[in-house]
Every structure is written in C-alpha cells, then in structure tokens.
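Let's take a walk through this model together. Have the sequence and the 3D view side by side, and we'll go from one spot to the next.

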Amino acid sequence: AAVGACAALTNVFICVALGAGVGAGVLVSRYFGARNYSKMKTIVSTSLISFLILSILLGIFGFGLSHSMMGLLQTPADILDEAVLYLRVYFVGFPFLFMYNILSTMFTSIGESKLLIFSSVLNILMDLWMVAGLGLGVFGAALATLIAQGISAVFSFVIFFCRMRRYKSHFDWFDRKELRSMLQIAIPSILQQSTVSIGMMIVQAVVNPFGTQALAGYAATMRVENVFSLIFVSIGNAVSPYVSQNLGAKK
C-alpha cells in the first residue's frame, strides 16, 4: 500500500524523464539516419549535461517536499511514514533513473534496444532478494530500484560512450540551439504524458481516504493494467525513432 501510494506521484516525475528522452531521441535518430554524426554527438552531449542538471534539481525538490506531497494526496496515516521513506529513497536515486531513461532512448535511437532488458531483470532480482529474502519491506523495494537503476545507468553510459567512439567526428559539448530544438519536442511530450499521470494522481487522492486495504487493492490492479498499457507505449517508442531515422535519411 505504501509503495502503491507513491506510484501516481512518481509517474509524474518519470513522465518528465520520458518526455526529455523523446526530445533527445528524435533528434539523435534523425541525425543518425542522415549520417550526420557530428550533430548526433552534439545532441547526445547537450542532452546528457542538461538533463543531468535538471534531474538533480528535481531530485532535491522531490526529496524536500516528499512529506508535504504525500499529505496532499491524503495518504492514510498508518502508512504515511513508510510512503515518505520510499519516496525519499526514490528521489535520492532520481538522477540515475533520469539518466537511464535518457540513455534508453538513445540506444533505441541508434537501433540498439536489446541491452535495456538488463535493468528490468536486475530490478526484479533485487526486489525479490531485498523484500522477500532480506525482509527489508518498503525500504528494500526503494533501495532495489535505486541500486538497479544506478548500476544500469553507469553500465549504459559506459557502453553508449564506447558506441559513440565508433563515429569519428568533431562535436560540441554543449549547443544552446540544439537544446532549444530538443525542448520544442520534449515539452509537448512531457505535457501530454504528465496530463494522464496528473489525472491518475487525482484518482489516487480520491482512493487514499478509503484506507490501506482499498489502496493496496487499487495499487495491485494498477500494476496489472500497466503490463498491458506498456505494450502500446513500447510500440509507440519503437515507431518514433524508426520514423525519425528514415526522415533523416530522406526515405
């Protein structure tokens, strides 16, 4: 119930990461398709620097206001402390989560998405070990996510850096013009995805006063629904870079 109480709120922050990833990924795909590797590497560098700073600021904001936000959502008193604990551990690892999502989009943009299964499998194994094995409960669930995303983010960054070294070309570490181009794509995507998540957060605030049992049931149901909805989200995530690559290649 405590983890489920945080789900709608964490989804709003994840939408920022996903939307930022879309903004960067579309441009990376386009320049990759056009074989303009200089521009592609500039986009990669600019997005990683910009969004790392953004993720740290959001992480500090979320950590500091965790208790207030869960209070506004009318979280039941008997799980409030555990929900706040989960949320704070989550926000400590938010830069890792953010960068992993950005790098995931980058991998997909250059047609290499098979590596992304690693993080999911690792997260499942860590959850089982820390929650069921070590009995760490809510703290274990949050810590498992933090460690899995941290390892995956570092692992993804190293592999992606090695991939980029294949493309020998000069690039700029930061380009304001390219950042503006990214934001023109990212901001509408963030708003579109966040609108749905904010709607779910309002529903969460309505469910929470019914108590811990109702909240646990609602959270379990949402997990099942997510399995099915992610199928269509994934199809959309695959189509976007595919179209963008072909647009860059003028096909």
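Start at Glu 178, which touches Leu 27, Tyr 31, Lys 39, Thr 42 and Ile 43, leaving out residues up to four places away in sequence; touching, or contact, means heavy atoms within 4.5 Å. Before going further, a word on what you're looking at: this is a predicted model, where local features need pLDDT of at least 70, side-chain atom pairs count only at pLDDT 80 or more, and totals for chains, interfaces and linings use all residues. Residues are numbered from 1 along each chain as its sequence is written, and side-chain values use heavy atoms, with hydrogens and water left out.

Glu 178 is found in helix H8. (Helices, H or I with at least four residues, and strands, E with at least two, are DSSP runs numbered from the N terminus.) Is Glu 178 buried or exposed? Its relative accessibility is 4%, so Glu 178 counts as buried; the cut-offs are under 20% relative accessible area for buried, over 50% for exposed, and partly exposed in between, using a 1.4 Å probe and protein chains only.

One of those contacts deserves a second look. Glu 178 forms a salt bridge with Lys 39, and their closest N and O atoms are 2.9 Å apart. The term covers a side-chain nitrogen of Lys or Arg within 4 Å of a carboxyl oxygen of Asp or Glu. This pair ties together distant parts of the chain, with Glu 178 in helix H8 and Lys 39 in helix H2, 139 residues apart. Lys 39 has 32% relative accessibility, so Lys 39 counts as partly exposed.

Now for the nonpolar interior. A nonpolar core here is a set of buried Ala, Val, Leu, Ile, Met, Phe, Trp, Tyr and Cys residues joined through side-chain atoms within 4.5 Å. The largest one has 56 residues, and Leu 9, Met 40, Met 70, Phe 94, Phe 98 and Phe 160 touch the most other members. Helix H1 (2-33), H2, helix H3 (66-72), H4, H5, H7 and helix H8 (176-207) each supply at least two residues of this core. Which helix gives the most to this core? That's H1, with 15 residues. To see one member at work, pick Phe 98: setting aside neighbours within four places in sequence, Phe 98 is in contact with Val 16, Ala 17, Ala 20, Phe 51, Leu 54, Ser 55 and Leu 58. There is also a second, separate core of five residues, among them Leu 122, Met 126, Ala 144 and Ala 148.

On a 1 Å grid over the protein atoms alone, a cavity is a set of points where a 1.4 Å probe fits but cannot get out, while a pocket is an open set with protein on both sides within 12 Å along at least five of seven lines; lining residues have an atom within 4 Å of a point. Grid points are joined across faces, edges and corners, and a volume is the space filled by probe spheres set on the points.

The whole structure has two cavities of 30 Å³ or more, and the largest cavity holds about 60 Å³ of space. Its lining is made of Tyr 86, Tyr 90, Gly 93, Phe 94, Leu 97, Ala 142, Thr 145, Leu 146 and Gln 149. H7 gives the most to this lining, with four residues.

The second largest pocket has about 270 Å³ of space. Thirteen residues line this pocket, and Val 44, Ser 45, Phe 161, Phe 171 and Trp 173 lie nearest its centre. H2 gives the most to the pocket lining, with five residues.

Finally, look at two loops. Arg 35 lies in the loop between H1 and H2, and its phi is near 60°, a positive value in a residue other than glycine. Arg 35 is exposed, with a relative accessible area of 64%. Gln 74, in the loop between H3 and H4, also has a positive phi of about 60° although it is not a glycine. With 45% relative accessibility, Gln 74 counts as partly exposed.
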